[in-house]
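Here is a friendly briefing to read with the model open beside you. Take the topics one by one, and look up each residue as you go.

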Amino acid sequence: MAILSDSVLVESKSARSEQLASISHERSQDILVKLKSLYFALWQGTGIATTEQMAGFYEVPEDSIKKAYTRHQDEFVQDGAKVLRGKALRDARDTVSLASKTSQAIVWTPRATLRLGMILEKSEMAKRVRTSLLGMVENVVPSQQREIEKLRLEVELAKTRERLAGSTQMLAAINPTLPALVFGQPGAVVEVEVPTTVLVDHNNRPIQQFDGVGITYLAKRYGFGHGKKANDQCRFWLRSLGISDADWIEEPSAHVTKKLPRHLLNELDQAMGAKRGNRQFLMGE
């Protein structure tokens with residue numbers, strides 16, 4: 001979440017919590033040390049500091065620290081700050097500097113110290129803490145957003161490729177030349193033959209109609225290519241499917257041309273899509 005001004009941190013509990021959500025105690029120590037050297041228990045392996053030390057760090061009276069703790073105790077507790085009494089207080093005297101006569105004392109963790117800096121208004125050091133945290137948001141959050149957007153685009157691309165692969169297989173099953181045509185490949189060639197009507201009577205009504213497809217069309221349709229070699233390969237494949245010379249029809253035009261009846265195309269499309277039949281590879285291929 002991007003914070004626009006330090007006043008939002010001062011006023012909003014949720015903004016403070018979101019700001020500290022990904023900051024560990026160790027990282028909190030690093031931030032505080034860079035802002036101002038702290039020579040107290042926090043940096044001596046105990047991980048806690050006293051209210052007196054907090055007042056010295058933020059350059060405010062101890063009462064200001066105690067009032068902030070009272071008003072926002074629920075926040076500080078979730079960051080590890082706590083009030084010591086009894087045995088816990090006596091044990092703490094050996095590691096941190098506590099007044100001998102006090103009956104209770106607040107001890108602060110690094111994260112609680114950062115939160116305190118987001119709450120204190122009349123402290124120049126607190127303002128520096130907020131400025132530092134705001135700078136972290138500006139630098140870290142956009143980079144995280146860019147990474148998330150990159151991952152989202154990669155997922156969308158994977159989904160698109162999956163859909164494209166499925167569509168390509170479906171098109172190839174219908175006609176092996178269709179994928180090349182649909183995706184704009186320069187070598188895509190689709191040849192369509194229309195029924196030839198010949199032999200008409202004196203009223204120009206057809207006496208006989210032929211509807212066949214030639215070997216050149218079939219070779220292109222099923223991806224064998226163009227030319228004599230392609231035609232020979234296509235014929236070999238057709239024979240392997242059981243299509244004999246008897247299945248070809250003679251279609252009269254300027255000259256008689258052998259063609260396969262068009263109704264066989266559906267069967268051939270399915271055979272090619274299922275990769276049935278044998279292909280012949282000629283010398284030089």
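A salt bridge is a side-chain nitrogen of Lys or Arg within 4 Å of a carboxyl oxygen of Asp or Glu. By that rule, R221 forms a salt bridge with D269, and their closest N and O atoms are 2.7 Å apart. This is a predicted model, where local features need pLDDT of at least 70 and side-chain atom pairs count only at pLDDT 80 or more, while totals for chains, interfaces and linings use all residues. Residues are numbered from 1 along each chain as its sequence is written, and side-chain values use heavy atoms, with hydrogens and water left out.

**Salt bridges**

- How many salt bridges does the structure hold? There are nine salt bridges.
- R221 lies in helix 11 (residues 215-221) and D269 in helix 13 (residues 265-273), so this pair ties together parts that are 48 residues apart in sequence. Helices here (H or I, at least four residues) and strands (E, at least two) are DSSP runs, numbered from the N terminus.
- R221 counts as buried at 12% relative accessibility, and D269 is buried at 7%. Buried means under 20% relative accessible area, exposed means over 50%, and partly exposed is in between (1.4 Å probe, protein chains only).
- R115 forms a salt bridge with E75, with 2.6 Å between the closest N and O atoms. Because R115 lies in helix 8 and E75 in helix 6, the pair ties together parts that are 40 residues apart in sequence.
- R115 also forms a salt bridge with D79, where the closest N and O atoms are 2.3 Å apart. Here the pair ties together parts that are 36 residues apart in sequence, since R115 lies in helix 8 and D79 in the loop between helix 6 and strand 2.
- Salt bridges that share partners join R16, E75, D79, R111 and R115 into one network.

**A closer look at the network's residues**

- Is R115 buried or exposed? R115 is buried, with a relative accessible area of 0%.
- E75 is buried, with a relative accessible area of 2%, and D79 counts as buried at 2% relative accessibility.
- D79 is found in the loop between helix 6 (73-78) and strand 2 (82-85).
- Not counting residues up to four places away in sequence, D79 touches L20, H25, T109, R111, A112 and R115. Contact means heavy atoms within 4.5 Å.
- In helix 2, the buried residues include R16 and L20, along with A15 and Q19. These residues cover an arc of only 125 degrees around the axis, which puts them on the same side of helix 2. The arc is that of the directions from the helix axis to the C-beta atoms.

**Nonpolar cores**

- A nonpolar core is a set of buried Ala, Val, Leu, Ile, Met, Phe, Trp, Tyr and Cys residues joined through side-chain atoms within 4.5 Å.
- The largest nonpolar core has 31 residues, and those touching the most other members are Y58, I65, F76, W108, L114, L116 and L120.
- Several elements each supply at least two residues of this core, including helix 3 (25-35), helix 8 (110-119) and helix 9 (124-174).
- Another core, of 19 residues, lies apart from it, and among its members are W248, L265, L268 and A271.
- Which residues does Y58 contact, leaving aside neighbours within four places in sequence? Among them are L32, T113, L114, L116 and L120.

- An open sheet of three strands has the order 1-3-2, with antiparallel pairing. Two strands pair if DSSP finds at least two bridges between them.
- Strand 1 (49-50) and strand 2 are the edge strands, and each pairs on one side only.
- Strand 2 and strand 3 pair over four bridges. K82 stands opposite V107 in strand 3, and the bridge partner of R85 in strand 3 is Q104.
- Strand 1 is joined to strand 3 by two bridges, with A49 opposite W108.
- Strand 3 is mostly covered, as four of its five residues are buried.

- Strand 6 pairs with strand 8 (residues 257-261) over two bridges, and G212 stands opposite P261 in strand 8.
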